[in-house]
Amino acid sequence: MQNLIRLKVTVTGIVQGVGMRPTIYRHATNSQVTGHVSNTPQGVLIEVQGIASQVATFMELLKSFPPPQALIENISSIQIPSLPNDLGFVIIESHHLGIKSTDISPDLATCPDCAQEIFDPTNRRFQYAFTNCTNCGPRFTIIKDRPYDRPLTSMNSFPMCTSCLSEYQDPLNRRYHAQPNACKDCGPKLSILGMNSNNPLRDIITFLQNEKIVAIKGLGGFNIACLPYGRSLTKIRERKKRPTKSFALMAKNISVIERYCHVSSQENAALHSCQAPIVILKKKDSSGVLANVSPDNNYLGFMLPYTPLHHLIMEHFDFLIMTSANEKDEPIAINDFEITQLLEKSFVDYVLTHNRDIIHRADDSIVQFIKDKKQIIRRSRGIVPLPIATPSFLGHENRLCLGANMKNTFALRAGNKIYLSQHIGELIEHRNHEFQRQEIQNLATLLDIQDIQEQKTTIDAHPGYENFNSNFQQVFHHHAHFLSVIGEHPKALPGTLGIICDGTGFGTDGHIWGFEFLKIKDDLNAFERVAHLDYFELPGSERAIYEVDRIKISLLNQIIDKIDSSIAPAARVKEILMLINKKFNSPLTSSLGRLFDGVAAILGVTNVSTYEAQAAILLQKEAENNTNFQFNSYPVKIIENSLLKIDYRPMLISLIKDITHNVSISECAYKFHKWVVDSILQVIQILAPASVCLSGGCFQNKLLMEILVDKLTESKITYYTNELVPVNDAGISFGQALVEEKCV
Ligand SMILES: [Zn+2]
Ligand SMILES: [Zn+2]
C-alpha cells in the first residue's frame, strides 16, 4: 500500500458565502482524497488525505478552479500526520471561535441560473423576488456579524422550509449553505406600504405604467423608480429638486442600452458583472425619449437588473429611472420608517417594500471608463467591503480615517488591509454624520476592532472638521489625494509627482487649494508643494460654488480694468468687486474646479450651478461638441520661481479675444481643456519627475482625462491614477490611511 499524505490547507480571502465548500467537496470527490472542510473565522480550513498524486490533483483543482465569486488571497498548506481510518470527505459545520479575519463578500447580482428559474413557470421559485444561491444574492447588506452564517444575518427570522433546507444541506446543490436561501413558502415577502394588495408586484408595475413615482426596496436601500420621460420625469425633478441634474437608469437588457449609448466591451462586462454598477456611457447622437434624463451632459448612467425583483419589474419596461431614495444630501432610506417619511412628504406615491431587513446602507456604485480603464466614481453596493492591501513597506496598525467633508467615506486600516466604507455623503448633513458613526461601529464589529472610539484617527486638515476623539492627526486634503494613488501604486515611489486637479481643499498656507503639484518628502507623512495654479479670489467663498458669476467677475478683474455691463449687471459687478477689494469673505484659491466654473460663466454657458460642478459639467459638454481642432489651445505661461505658478491670465486674455471674434463657445471650451493639459505638460517638463500620480475630482472629466492621457503616453511619461478607489473626495480617507503614526 502506498504512503498516505495528509495536508492541512488554509484558504483566505473572500471565501465564505461564495460556494467554496461545495466546490472543495466536488474537487475532493474528483481527486479521490478523504478528509474534511470547514469555515473558520480565519477562512476555509481543509484537511485532505490520499496518495501523493491524489493530493497533488486536489491542490491543483483548488488553485485552478475556485468558485466564480471567490477572491482567494492566499492558500497555505502544511503536512500533518495521516489518519488510518479516514473514509470519505465531509463538510463540517462552522464554529464561532477565534479572531474574525475572513473578508465579507460584497452583494452579488442575480446569477443567470437564478434569473432563469424566476421566469420558469414550472420552477418552484417562479416569480419569487428573493431567489438566490451561493453565486448570487445579498451579502454585506444583510450581515450583522461574522462568520457569515444565516443566524448572524437578517435572514435569521426566516426558518427554512423542508425543500429549502434540503438544498441548503446538500453539498452538491447550488444552494448548499447559501445563507439567504429562501422560497415563497418560507422566505421574505413583498408588500405595498399602507395598502392591502394580494399581488404587490403586479400593482407596482401598473402604478409605474400610470406615471406614478414609486419607491422600491432593493439590496442596500430603497430606489425611487419612474418612467424616464413625460409627466413622471417632470414630477421626479420637482420632488427631488433636481431641475436638470442627471438620473441613473435601469434597463431591461443590453440591447436596450445599445439603442441609446455606445457600449465598449469593457463597459459591457462591467454592466454584466456581479457588482452590477451604474456605468456612465456616451450617448448616441439621438437619445430620443431619454433626451431629458441628462440634459447637462453627453452621457447616460445605466445599470442592469441586479436582484430578482428588478428582473421581474424590468420584464415590463425597457428602462426606468432608478435613483437613490433620499432627500437632497441625506442617506438612502433603508427601512419602512424612513421611507414613510418620504411618502408622507409626497416624494413618492407608493412604496414596494419587503420584510428582509437591510443592515448596511449601500447606494448603487458608479463607474466610468477612460481609455478602457475603469474609474470608480462611487464605491458602494457590490464593491464594499472589499479591502485593499496596504503597500508592503507600511507597518501593521489599526487606525480610523475619517475622510473629507464632501462625498465622505471613511477608511479602517486593520493590519495589512484598508477597508474603505461605502458612500456616506455630505457631512454637513446631520443624518450623514449619524450614518457615518453607526457604520464605523458596524465595520469595527465585523473586523473585531475593540474600542473604536478610542482608536487613533486621521482627519482632513480643513478647519472645523469634526473629530471623532482628541487622539487625531491631520492630513492635508491634496496630500491625501496624492497618497491615495501611491496606496494603489506603491511602485510610483520614489521621485513621483502628484498632480491634483480638484475642487476645494484647505492648503498649508490657509488658502483654498485645487490645482496642485506635490512631491513626497522623506516619508509619506511629509510633502512639498512644487507648483500650483496662481491664485484668484473666491468672492463669497462657498457661495461662489453655486453663483459662478462671482468667479467670472473675480477672474475678469485680474485682466480687465473696468468690467462693463455687457458682461454682468453693473450693480452685481460693484457688489462682487467690493467684497474682493475689502478682502471680505474672499479667500484666495488655486482650485481648478473653480477655474472651470469661472470660464463656463465667462463663456456665457451659465451664471449659476444648481448642483455642485454643474457649470464645469456644462463646459465639458460644450468642449466635447467642438468640431474645429485647427487652433486648439490657449497660451501657457509658467511663472518660474522655487515654487512654479501656472498663470491663467494669458489664457483668459486670448479667451476674451476669441469671444469678441465670435469663435464658437464649443471651440473656446475645447481650447480651455487643451490649455489645462498643456499647462500640466509644461510643469512636468520643467520638473522632470520619474512618474506622475493623477487624482482629484476634475479627473472625472472624461475629455480632460483623455486628452491628458494621450499626451502623457505620447511624451512617454509614466502615469498612475486611482483604479480601486474614487479619484474624487471619496478616495481621501484611503489616502489618509497611508500616513503612519509618528513617534512623538
Ligand atoms: Zn444564483
Ligand atoms: Zn423554502
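**Reading the model**

Tutor: Let's start at one helix: the elements covering the buried residues of α15 include α14 (549-557). Helices here are DSSP runs of H or I with at least four residues, strands are runs of E with at least two, and both are numbered from the N terminus. "Buried" means 20 or more other C-beta atoms within 10 Å of a residue's own, "exposed" means 12 or fewer, and "partly exposed" is in between, with C-beta atoms placed from the backbone. Covering is about contact: two C-beta atoms, again placed from the backbone, lie within 7 Å.

Student: Before we go on, what kind of model is it, and how do I find a residue in it?

Tutor: It's a predicted model, so local features need pLDDT of at least 70 and side-chain atom pairs count only at pLDDT 80 or more, while totals for chains, interfaces and linings use all residues. Residues are numbered from 1 along each chain as its sequence is written, and chains are lettered from A and ligands numbered from 1 in the order in which they are written.

Student: Back to α15, then. Which of its residues are buried?

Tutor: Here's the general idea. An α-helix has 3.6 residues a turn, so residues three or four places apart point the same way. In α15, the buried ones are Val 573, Ile 576 and Leu 579. They sit on the same side of α15, because their arc around the axis is only 130°, counting the directions from the helix axis to the C-beta atoms. The face turned away from that side carries the exposed residues Ala 570, Ala 571, Lys 574, Met 578 and Asn 581.

Student: How far does α15 reach?

Tutor: Its 12 residues (570-581) reach 16 Å from first C-alpha to last, close to the 16 Å expected; the expectation is 1.5 Å times one less than the number of residues. After the helix comes Lys 583, with a positive phi near 50°.

Student: Now the sheets. What is the strand order in the one with 10 strands?

Tutor: Strands pair if DSSP finds at least two bridges between them. This open sheet runs β6-β13-β7-β8-β12-β9-β11-β10-β14-β15, with mixed pairing. The edges are β6 (190-192) and β15 (373-378), which have a single partner strand each, so one side of each is left without a neighbour in the sheet. From one strand to the next, the twist averages 35°. For such angles, axes are lines fitted to C-alpha atoms (for helices, over the stretch in contact), and values run from 0 to 180 degrees between N-to-C directions.

Student: What packs on that sheet?

Tutor: Helix α5 (200-209) does, touching β6, β7 (214-217), β8 (222-226), β12 (319-324) and β13 (350-354), with its direction at about 50° to that of β6. Helix α8 (265-272) packs there too, touching β10 (278-282), β11, β14 (366-370) and β15, at about 155° to β10.

Student: In which sense do β14 and β15 pair, parallel or antiparallel?

Tutor: Antiparallel, over 5 bridges. Gln 368 has Gln 375 in β15 as its bridge partner. The two strands form a hairpin with 2 residues between them, and Lys 371 in the turn has a positive phi of about 55°. β10 and β14, on the other hand, pair in the parallel sense over 3 bridges, with Ile 280 opposite Gln 368.

Student: And which strands make up the open sheet of 6?

Tutor: Its order is β16-β19-β18-β17-β20-β21, with mixed pairing. β16 (387-389) and β21 (472-475) are at the edges with a single partner strand each, so one side of each lacks a neighbour in the sheet. Neighbouring strands are turned by 25° against each other on average, direction ignored. β20 (457-460) and β21 pair in the parallel sense over 4 bridges, and Asp 460 is partnered with Val 475. Helix α11 (430-447) lies across β17 (399-401), β18 (411-414) and β19 (417-420), at about 20° to β18.

Student: Can we zoom in on one residue? Is Thr 496 buried or exposed?

Tutor: Thr 496, in strand β22 (496-506), is buried, because 23 other C-beta atoms lie within 10 Å. Leaving out residues up to four places away in sequence, Thr 496 touches Pro 689, Ala 690, Ser 691, Val 692 and Cys 693.

Student: Last one: how many helices and strands does the chain have?

Tutor: There are 21 helices and 30 strands, and buried residues make up 51% of the 744 residues.
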